[in-house]
Amino acid sequence: MMLCGSLLDCLFSCSRPVADKELALALQLAEGNRGELEAVLDHYKGDTLKYEAARFLIRNMPYHYAQKDYYLSPEGDEYRPDIAAFADKEAMQRHCDSLVRNGYRLMHENLYDVLSLDSAFLVRNIDLAFEAWQKPWAKEVPFDIFCRYILPYRAQTEEVSDLREKLMRRFLPLLDSADVRTPLEACTVLNDRLKEVMRYRDPGFTLYPTLEETYRAGFSACEGLCNLGTCIMRAVGIPVAVDVTLWPKMDLGHSWCAVWDNGRFHSFGPGEEQPGIHAEMLSLKRYRRPAKVYRRRFTPTHYGRQEVGNGKTWLDSPLLEDVTNEYLDKTTTIHVPVSDKKGFKAHPYTKVYLCIYNNNKWRPLAIGNCSEEGVATFEDVVGDNIFIVARNTADGWQYVSAPF
């Protein structure tokens, strides 16, 4: 699938200065891993589209990392329980409690892609993605959509995996025999099969799920199912992303997938509700109606390195895109007068957060700004919920409105 030079110029010339700057920054941030990333670029110098795909991955890598979670034994050995070895989450929780009693420590590491991914992994991922892109249901997917939702090697913050080729070889024959012609048709057929591959079950521990353990065990909580479902869909050339929310009428949150087809996304539960049915289920059951929905992106909504931490919240990640308006429930703009409680006086563009009460505390759900008149504005919110407005300070959350 090669394009002529003039068409490629049209595709890339407008964004080239920004792309070049971000690519140079990524190579700089790679430090000792820079040679691996440059080897990928050198490998594709003679293939225009694959070279652009390699540039795309590398310039966005500084925004991504893997969550590596494990228990560290008193002797210094890493240990991760096998979720398939326990009958239920209570058994897993008892096992984890026993580990702590015996001196094991729960460890969390962030492995940054730009510092850790090697050229062999990236070349293999790019080649497999382009192979899947040739399929009838994928070949009309535009290059920018391919780069954002088929090419990426991760869905969220799972550890990177070499499962892509195995999944591709397993599930491509299913779609080839089904004679599907669009990403939506392919997603619907494949998602029906995924009901036999994985199911929802809370494993009962707080370690971030890996693709391998979810695939091997055949179950996970929603985040693990989404990560594996996204990996399977992308492996066969179906453009898919992960959407997330915090429940306004239940505890904790939820994630699911969305497939791109002909310019729009269709939500579905991997191995569960099909596209079309899934969005209706969210809307028909009052307690499941999300007040906000965000899509996980591989590209940031704006460039300029930002991370969660140092007083920031999960909402401050540049990899989140507000897609609430893509769902069925009508949204509204909320205007809330905020007080000068504890000396707070609103200034133009002061960042404030719309919070919902979830799991015994107020949790941020949307970001807004204040006007000169001291009014906080939040756009595209589904109402019929209880909210409060807060700002995030060095001393913690400061509530600047009454619940409403």
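**Reading contacts, strands and charge pairs**

Me: Which residues does I238 touch, leaving out those up to four places away in sequence?
Reply: I238 touches W137, Y149, I150, L175, P183, A186, C187, L190, M233 and V259. Contact here means heavy atoms within 4.5 Å. This is a predicted model: local features need pLDDT of at least 70, side-chain atom pairs count only at pLDDT 80 or more, and totals for chains, interfaces and linings use all residues. Residues are numbered from 1 along each chain as its sequence is written, and side-chain values use heavy atoms, with hydrogens and water left out.

Me: What is the largest nonpolar core, and which residues have the most contacts inside it?
Reply: General idea first. In soluble globular proteins, nonpolar side chains tend to be buried together. A nonpolar core is a set of buried Ala, Val, Leu, Ile, Met, Phe, Trp, Tyr and Cys residues joined through side-chain atoms within 4.5 Å. Buried means under 20% relative accessible area, exposed over 50%, and partly exposed in between (1.4 Å probe, protein chains only). Now the case: the largest core has 99 residues, and F146, L190 and I238 have the most contacts inside it. Helix 7 (residues 119-133) gives the most to this core, nine residues. Another core lies apart from it, with eleven residues, including M92, F205, A217 and F219. Helices (H or I, at least four residues) and strands (E, at least two) are DSSP runs, numbered from the N terminus.

Me: In what order do the five strands of the open sheet run?
Reply: Two strands pair if DSSP finds at least two bridges between them. The order is 8-7-6-9-10, with antiparallel pairing. Strand 8 and strand 10 (320-322) are the edges, each pairing on one side only. From one strand to the next, the twist averages 35 degrees. Axes are lines fitted to C-alpha atoms, for helices over the stretch in contact, and angles run from 0 to 180 degrees between N-to-C directions.

Me: Which helix packs on the sheet?
Reply: Helix 12 (residues 222-235) does, touching strand 6, strand 7 (253-261) and strand 8. The direction of helix 12 makes about 15 degrees with that of strand 7.

Me: How many bridges join strand 6 to strand 9?
Reply: Two, and the strands run antiparallel. D243 has R295 in strand 9 as its bridge partner.

Me: How many salt bridges does the rule count?
Reply: Side chains of opposite charge can pair when their charged atoms come close. A salt bridge is a side-chain nitrogen of Lys or Arg within 4 Å of a carboxyl oxygen of Asp or Glu. The count here is 25.

Me: Where in the chain do K89 and D202 sit?
Reply: K89 and D202 form a salt bridge, with the closest N and O atoms 3.8 Å apart. K89 is in helix 5 (residues 89-101), D202 in the loop between strand 4 (199-200) and helix 11 (211-217), 113 residues apart. K89 is partly exposed at 32%, and D202 is partly exposed at 30%.

Me: Are R295 and D243 buried or exposed?
Reply: R295 is buried at 1%, and D243 is buried at 0%. These two also form a salt bridge, their closest N and O atoms 2.8 Å apart. R295 is in strand 9 (residues 294-296) and D243 in strand 6 (residues 240-246), 52 residues apart.

Me: What about R288 and E273?
Reply: Their side chains meet in a salt bridge at 3.7 Å, N to O. R288 lies in the loop between helix 13 (277-284) and strand 9, and E273 in the loop between strand 8 (264-268) and helix 13, so the pair ties together parts 15 residues apart in sequence. R288 is buried at 13%, whereas E273 is partly exposed at 21%. Elsewhere, salt bridges that share partners join D20, E52 and R55 into one network.
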